[in-house]
Amino acid sequence: MFYIIDLRGRKLRLLASVIIFCIIIYMVTLTFFRTFLFPIKYADLVTKYSEKYNLDTYLVFSIIRIESKFNPQATSHKGARGLMQITDQTGAWAAKEIGIENYHSDRLYEPEINIQIGCWYIRKLINQYKDNLETSLAAYNAGSGNVSKWLGNEKYSDDAEKLNFIPFKETREYVEKVMKSQKCYERLYKNSKK
């Protein structure tokens with residue numbers, strides 16, 4: 001009696017197992033990236049103020065991720081506070097412009113106040129720098145006074161509107177990190193629900 005070995009069936013089962021294994025690895029990796037490396041926290045507030053100030057939500061998530069790693073109690077060595085790392089001076093100015101009642105600098109640790117002010121401020125910078133996101137992010141990090149000086153210097157700007165080179169290494173790296181983070185958020189979340 002001869003036994004016929006069905007190699008084709010074994011190959012198909014092996015192929016199916018490999019495909020299922022790859023799908024599982026993909027899902028685990030995607031979950032890891034979403035949950036730990038590119039989280040979506042404070043989504044209701046980010047969405048609310050991104051829409052109010054006509055900003056890309058992934059940009060706002062990226063700024064928060066880079067600025068504070070989603071820690072509402074974060075304080076920088078320069079005294080910037082909260083999720084979007086707002087300075088006391090910017091917070092007071094924004095609160096007056098926006099009309100936030102009973103404002104004091106400790107309120108920058110409140111996620112809603114911080115995100116509202118941060119979104120208002122980045123929109124103001126984007127308008128000021130004629131929709132140039134990189135220049136606006138440089139101003140968010142280094143201050144608009146520094147950026148204005150750089151734009152007026154041919155060494156850093158050809159046209160006094162766009163920066164060709166950012167002289168502060170920290171600011172250069174900040175802009176690059178936010179831009180890369182925004183692209184990662186888009187890739188990870190664009191076709192899924194937040």
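How many salt bridges does a search of the whole structure find? I ran that search and got eight salt bridges, each one a side-chain nitrogen of Lys or Arg within 4 Å of a carboxyl oxygen of Asp or Glu.

**Ground rules**

I am working on a predicted model, in which local features need pLDDT of at least 70 and side-chain atom pairs count only at pLDDT 80 or more, while totals for chains, interfaces and linings use all residues. I number residues from 1 along each chain as its sequence is written, and my side-chain values use heavy atoms, with hydrogens and water left out.

**Entry: overall layout**

I looked up the secondary structure and found eight helices and zero strands. Helices here are DSSP runs of H or I with at least four residues, strands are E runs of at least two, and both are numbered from the N terminus. Along the sequence I read the pattern α-α-α-α-α-α-α-α.

I then checked burial: 39% of the 194 residues in the chain are buried. Buried means under 20% relative accessible area, exposed means over 50%, and partly exposed lies in between (1.4 Å probe, protein chains only).

For contacts (heavy atoms within 4.5 Å), I looked at pairs with a separation of 6 or more, and 55% of those in the chain join residues 24 or more positions apart.

**Entry: salt bridges one by one**

I started with Arg 107 and Glu 110, whose closest N and O atoms are 3.0 Å apart in a salt bridge. Arg 107 is buried at 17% relative accessibility, whereas Glu 110 is partly exposed at 32%.

Next came Arg 123 and Asp 131, a salt bridge with its closest N and O atoms 4.0 Å apart. Here Arg 123 is buried at 15%, and Asp 131 is exposed at 60%.

I also noted a network of salt bridges that links Arg 81, Asp 88 and Asp 106.

**Entry: helix 8**

Helix 8 covers residues 169-189, which is 21 residues. From first C-alpha to last I get 30 Å, close to the 30 Å expected at 1.5 Å a residue; the expected span is 1.5 Å times one less than the number of residues.

Which residues of helix 8 are buried? My list reads Thr 171, Tyr 174, Val 175, Val 178, Ser 181, Gln 182, Tyr 185, Leu 188 and Tyr 189. Seen down the axis of helix 8, these buried residues fall within an arc of 165 degrees, so they line one face of the helix. I took that arc from the directions running from the helix axis to the C-beta atoms. On the face turned away from the buried side I found the exposed residues Lys 169, Lys 180, Lys 183 and Arg 187.

Lys 169 also turned up in my salt bridge search, paired with Glu 173 at 3.7 Å, N to O. The two are four residues apart in helix 8, about one helical turn. Lys 169 is exposed at 53%, and Glu 173 is partly exposed at 36%.

**Entry: helix 4 against helix 5**

At what angle do helix 4 and helix 5 pack? I find about 90 degrees, with the axes 10 Å apart, for helix 4 (residues 88-98) and helix 5 (residues 111-128). The axes are lines fitted to C-alpha atoms, for helices over the stretch in contact, and angles run from 0 to 180 degrees between N-to-C directions. The two helices are therefore roughly perpendicular, a label that covers 65 to 115 degrees; under 35 is roughly parallel, over 145 roughly antiparallel, and the rest oblique.

At the meeting point, helix 4 brings residues including Trp 93, Ala 94 and Ile 98, and helix 5 brings residues including Ile 117, Trp 120 and Tyr 121.

**Entry: helix 6**

Helix 6 (residues 133-142) is mostly covered, with seven of its 10 residues buried. I wrote them down as Thr 135, Ser 136, Leu 137, Ala 138, Ala 139, Tyr 140 and Ala 142. Their cover includes helix 3 (57-68), helix 5, helix 7 (144-151) and helix 8.

Most residues other than glycine have a negative phi, and most peptide bonds are trans. I came across Lys 69 with a positive phi near 55 degrees and Gln 85 with a positive phi near 50 degrees. Lys 69 sits in the loop between helix 3 and helix 4, and that loop also holds Gln 85. Lys 69 is exposed at 67% relative accessibility, but Gln 85 is buried at 11%.
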